[in-house]
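Reader: Could you walk me through this one? I'd like the cut-offs spelled out as we go.

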Amino acid sequence: YLEKKDNKAAIIQLKATLQKNPQSGEARFLLGDALMKSGDAAAAVVDWMRRKRRARFPWTSARSASIC
């Protein structure tokens with residue numbers, strides 16, 4: 001979807017991927033990129049920060065990371 005520049009579909013697909021595998025740094029990065037390209041800079045920054053936090057603290061659960 002990203003190659004087709006269909007950011008809305010890419011966001012949906014990437015969120016589904018992250019539901020199955022919340023530790024996927026690649027999916028998290030691509031989601032942030034798709035959000036940025038769709039004009040949602042605030043959500044993109046939040047998502048990139050989650051990726052950064054998980055990279056620094058890999059033992060953090062998905063639930064506790066979403067609370068921060």
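Author: Let me begin with a pair of side chains: lysine 37 and aspartate 33 both belong to helix α2, four residues apart, which is about one turn of the helix. Helices here are DSSP runs of H or I with at least four residues, strands are runs of E with at least two, and both are numbered from the N terminus.

Reader: Before that, what kind of model is it, and which pLDDT limits apply?

Author: This is a predicted model, in which local features need pLDDT of at least 70 and side-chain atom pairs count only at pLDDT 80 or more, while totals for chains, interfaces and linings use all residues. Residues are numbered from 1 along each chain as its sequence is written, and side-chain values use heavy atoms, with hydrogens and water left out.

Reader: ok, so what do the side chains of lysine 37 and aspartate 33 form?

Author: They meet in a salt bridge, at 3.1 Å from N to O; the term stands for a side-chain nitrogen of Lys or Arg within 4 Å of a carboxyl oxygen of Asp or Glu.

Reader: And how many salt bridges does that rule give?

Author: The count by this rule comes to one salt bridge.

Reader: Is lysine 37 buried or exposed?

Author: Lysine 37 counts as exposed, because its relative accessibility is 56%. The cut-offs are under 20% relative accessible area for buried and over 50% for exposed, with partly exposed in between, using a 1.4 Å probe and protein chains only.

Reader: What about its distance to asparagine 7?

Author: Lysine 37 and asparagine 7 are 30 residues apart along the chain, and their C-alpha atoms are separated by 7.1 Å.

Reader: Switching to the helices: at what angle do α1 and α2 pack?

Author: Helix α1 (residues 7–20) and helix α2 (residues 25–37) pack at about 155°, with their axes 9 Å apart. The axes are lines fitted to C-alpha atoms, for helices over the stretch in contact, and the angles run from 0 to 180 degrees between N-to-C directions.

Reader: So which class of angle is that?

Author: The two helices are therefore roughly antiparallel to each other, since angles over 145 degrees count as roughly antiparallel, those under 35 as roughly parallel, 65 to 115 as roughly perpendicular and the rest as oblique.

Reader: Which residues make the contact?

Author: On the α1 side they include Asn7, Ala10, Ile11 and Leu14, and on the α2 side Ala27, Leu31, Ala34 and Lys37 are among them, where contact means heavy atoms within 4.5 Å. The residues of this contact divide into nine nonpolar, two polar and three charged. In that grouping Ala, Val, Leu, Ile, Met, Phe, Trp, Tyr, Cys and Pro are nonpolar, Asp, Glu, Lys and Arg are charged, and the others, Gly among them, are polar.

Reader: And lysine 8, where does it sit?

Author: Lysine 8 lies in helix α1 and is exposed, with a relative accessible area of 66%. Its C-alpha is 7.8 Å from that of alanine 34, which is 26 residues away in sequence.

Reader: Where is valine 46, and how far is it from glycine 32?

Author: Valine 46 is in helix α3 (residues 41–56), and it is partly exposed at a relative accessible area of 43%. The C-alpha atoms of valine 46 and glycine 32, 14 residues apart along the chain, are separated by 8.1 Å.

Reader: Last one, what does the whole chain look like?

Author: The secondary structure comes to four helices and zero strands, and 26% of the 68 residues count as buried.
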